[in-house]
Amino acid sequence: MSRPTRQILNPRSALAVLGVLCVLFSIAPPRWTRWQRAFAQPARTILLPISHPLYQLVGGSTTEALPRGLNAADFRAIRQHHDELLTKTQQLEREAKGLREVISQLQRGIDINPGLVVKQITAPVLGVSTDLSARVLQVRAGRRTGVLPRAVVAAAGVHLVGVVVAVDDRIATVQTITDRSAPKLIGVVMLREGVPGPLCQLQERKGRDLIFTVGEGEFIDPETSAPIPVEAGMLVRVRDDAMPLYAEGLIVGRVTSADVNPEVRQRRVITVRPEIEFGTLRQVQIRMLDDASPLPLGMESAHEDESARALATASRMSHGAGMRGAVP
Amino acid sequence: MLFLAWITLGLDAGLRSALSIGDARIAPLFSLPLVVFIGLSAPALPTLWSSFFIGALIDLTSPRAGLLGFAGGEGGGGLGMSGTEQILLGPHALGYVAAAYFVLTLRGVMMRKSIVALVIMSVLGAMVESIVSTALLTVKSLHAGSFEFSAGASLVQGAGSAVYTAFSAAVLGVVLIPGHAWFRFSDPLARRYGGR
């Protein structure tokens, strides 16, 4: 090698060149640096043998407060059973509503395909992003197990964790709902169990807390005829047309505080905290459509044109429809 | 040293979440004290290269989800589209190089085989790393379709994590400093003054 070439390709100049390239990668648009994803899987493969056992060793499952006189295991079991039953009730109610629509379509002479079948895979969590500012999980389930981007991820079967945003053969990357880049989720505040209240839209995220704006209007209790205000302790469940149908009814979290919105006085702002600490989850359930079962008519459109559904929900939010008057 | 780097990166990926404090997710760094230890003992160029590789591995194992997450991926909408995971090589790689350079600059006035020096330099180095990586991530997040990023929150997290890193540096110092001779670092000061 000639002397000038050796002078250029020395370790010091190579490091300087790499430094300049890293700065350029940082200022380049995301589409120009997409190829870097190819290096992520080998890097994970190098680190997983040490990071995964450590994560599983120290990881917990929930960080919820424990009532006095009850041990943690019993409390968790009771709470989980309770939540599962309520979620099933919610889903059955939605299914019944869907079936009523199907019946009305049948009456109009339209052929209907068999019902929506959701496949659920339980997958261990491999770890979180090394940089904790990104609230992203990596789970051991990939294309080989049938996971696709946009599959919904839940914990303990009923708590919404997030959505799969990228999948390789064996590992899926999950964007949690507390990640700053996650979209503005729409939920419904449950005034009591089985009594859906106002819709609420996610406005911002503060650490683990999700700040929602609640729609206008007052909800009247059909039993007592007294208005039911949104208050701390109420559950918030997913009711978002932009999310896949199988995310419907999953628990977003519990209201920890409710205040008047300083910008729009008729609306309230609630702080919702997920009941699961996503950073210490050991396993999650990935929910997605079973490919073997075709979608019924009417539900197909939900997947093909979800932006339209999102617009419809946003419209409901802005006009307060479905939020005024008595509880159904 | 490669084995140690693997162990400390594994500790970062596996333990940081469990050791994090509060909503700001303040957590200690384990790989940075190792970089500081190398910086206090080894010649400049190997220090900078090892810090670059450690930082690059952190970048490659820190996926970020893009802004279009729930709405259907980079290509539009619908199931089966490619996801919006973003891997960004650079912020931590350059942050670690900056931290290593900072240590190299100051090591002349430090007692190199002291745990106190390792702890102090780790805290300061982690702050430097946080500032550099936050700056680069902020620039990246300005692009449309990129991830959402709060520089303020990241700096608060970085400063808190830097202080918390004192704990991990002290633990690593107890292991690394007595075993200093095993690593057979070529002594930069000995070379400068014409032999040992």
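Residues are numbered from 1 along each chain as written, while chains are lettered from A and ligands numbered from 1 in the order written. Because the model is predicted, local features need pLDDT of at least 70 and side-chain atom pairs count only at pLDDT 80 or more, while totals for chains, interfaces and linings use all residues.

**Exercise 1.** Work out the order of the elements in chain B.

Solution. Start with the counts: chain B has 7 helices and 2 strands. These are DSSP runs numbered from the N terminus (helices: H or I, at least four residues; strands: E, at least two). Then read from the N terminus, which gives α-α-α-β-β-α-α-α-α.

**Exercise 2.** Find which residues have the most contacts inside the largest nonpolar core.

Solution. Take buried Ala, Val, Leu, Ile, Met, Phe, Trp, Tyr and Cys residues joined through C-beta atoms within 7 Å; buried means 20 or more other C-beta atoms within 10 Å, with C-beta atoms placed from the backbone. The largest such core has 123 residues, and A:Val153 and A:Val164 have the most contacts inside it. Helix H5 (residues 115-141) of chain B gives the most to this core, 10 residues. Next, look around A:Val153: leaving out residues up to four places away in sequence, its contacts (C-beta atoms within 7 Å) include A:Val164, A:Val174 and A:Ile286.

How values were computed:
A residue is buried if 20 or more other C-beta atoms lie within 10 Å of its own, exposed if 12 or fewer, and partly exposed in between; C-beta atoms are placed from the backbone. Two residues are in contact if their C-beta atoms, placed from the backbone, lie within 7 Å.
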